[in-house]
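Let's walk through this model together, one piece at a time. Please keep the sequence and the 3D view open as you read.

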Amino acid sequence: MMAIIFVINIFYVSFFTMRMILTLKGYRYIAAAVSMVEVVIYVVGLGLVLDNLNEIQNLAAYAVGYGLGVIIGMKIEEKLALGYITVNVIVMDNGINLPKQLREKGYGVTDWAANGLEGDRMAMQILTPRKYELKLYQMIKEMDPKAFIIAYEPKTIHGGFWVKSVRKSMAREQAR
């Protein structure tokens, strides 16, 4: 009974985590479908615990399964890497032409001159699908190990060439 409750709760919380992430990312119909499965799993698991409430090990299995489900749900979301990431990068203006190199790799880059405490800098804003985020960081660090990098997830993207062009460029890059 403990193992069943443990496994059921891992599945329930993994579905719960995915539903929350899908909802936040705007995938409302997929989130609704996931929530239907989630609630069935939840009711079955909770029913088993409540029917056997006098056995503390079932409650413990429920709690441990819940915690593990959170971790597994987050790992699944990391693998799916839904949405886009916007990365702000500040580098020394040292003539390596980092924006051009990144554009050639298929990234959407907007760059401008900036001033820092120690002199001229180049600032960039880069849009990329989340699944390419770590690859982007690696390329930037290889080109300029002292680059200052800040990343965030944009809630809305509208206009510009970014979304259409980045999707096409990344599809070409992935085909290589």
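Residues are numbered from 1 along each chain as its sequence is written, and side-chain values use heavy atoms, with hydrogens and water left out.

Let's begin with confidence. The predictor's confidence in each residue is given as pLDDT, on a scale from 0 to 100. For this chain the mean pLDDT is 84, with 88% of the residues at 70 or more. Confidence is highest in strand β4 (residues 148-152), at a mean of 93, and lowest in helix α6 (residues 162-175), at 57. Where pLDDT is low, the predicted coordinates should not be read in detail.

Now for the overall layout. You will find six helices and four strands in the chain. Here helices (H or I, at least four residues) and strands (E, at least two) are DSSP runs, numbered from the N terminus. Starting from the N terminus, the elements run α-α-α-β-α-β-β-α-β-α. Of the 176 residues, 36% count as buried; buried means under 20% relative accessible area, exposed means over 50%, and partly exposed lies in between, with a 1.4 Å probe and protein chains only. A contact means heavy atoms within 4.5 Å. Among contacts with a separation of 6 or more, residues 24 or more positions apart account for 73%.

Next, turn to helix α1 (residues 2-24) and helix α2 (residues 28-51), whose axes come within 8 Å and cross at roughly 155°. That makes α1 roughly antiparallel to α2. Axes are lines fitted to C-alpha atoms, for helices over the stretch in contact, and angles run from 0 to 180 degrees between N-to-C directions. Angles under 35 degrees count as roughly parallel, over 145 as roughly antiparallel, 65 to 115 as roughly perpendicular, and the rest as oblique. The crossing of α1 past α2 is left-handed: the near helix is turned anticlockwise from the far one by less than a right angle, whereas clockwise would be right-handed. On the α1 side, the residues that meet α2 include Ile4, Ile5, Ile8, Phe11 and Phe15; their partners in α2 include Val34, Ile41, Leu48 and Val49. By class, this contact of α1 with α2 has 17 nonpolar, three polar and two charged residues. In that count Ala, Val, Leu, Ile, Met, Phe, Trp, Tyr, Cys and Pro are nonpolar, Asp, Glu, Lys and Arg are charged, and the others, Gly among them, are polar.

Leu48 gives you a residue's view of this pairing. It is found in helix α2 and is partly exposed, with a relative accessible area of 21%. Leaving out residues up to four places away in sequence, Leu48 touches Met1, Ile4, Ile5 and Ile8.

Helix α3 (residues 56-80) comes next. α1 and α3 pack at an angle of about 35°, with their axes 6 Å apart, and α1 passes α3 in a right-handed crossing. Thr17 has its place in helix α1 and is buried, with a relative accessible area of 11%. Apart from neighbours within four places in sequence, Thr17 is in contact with Gly69, Val70, Gly73 and Met74. Ile72, in helix α3, is partly exposed, with a relative accessible area of 32%. With neighbours within four places again set aside, Ile72 is in contact with Ile10 and Ser14.

Which residues does Glu77 touch, not counting those up to four places away in sequence? They are Met18, Ile21, Lys25, Leu82 and Arg130. Glu77 is buried, with a relative accessible area of 10%.

Finally, look at α2 and α3, whose axes come within 9 Å and cross at roughly 150°. These two helices are therefore roughly antiparallel to each other. Tyr42, Gly45, Leu46 and Val49 of α2 make the contact with Asn58, Leu59 and Tyr62 of α3. By class, the contact of α2 with α3 has five nonpolar, two polar and no charged residues.

Technical notes
Predicted model: local features only at pLDDT ≥ 70, side-chain atom pairs only at ≥ 80, totals over all residues.
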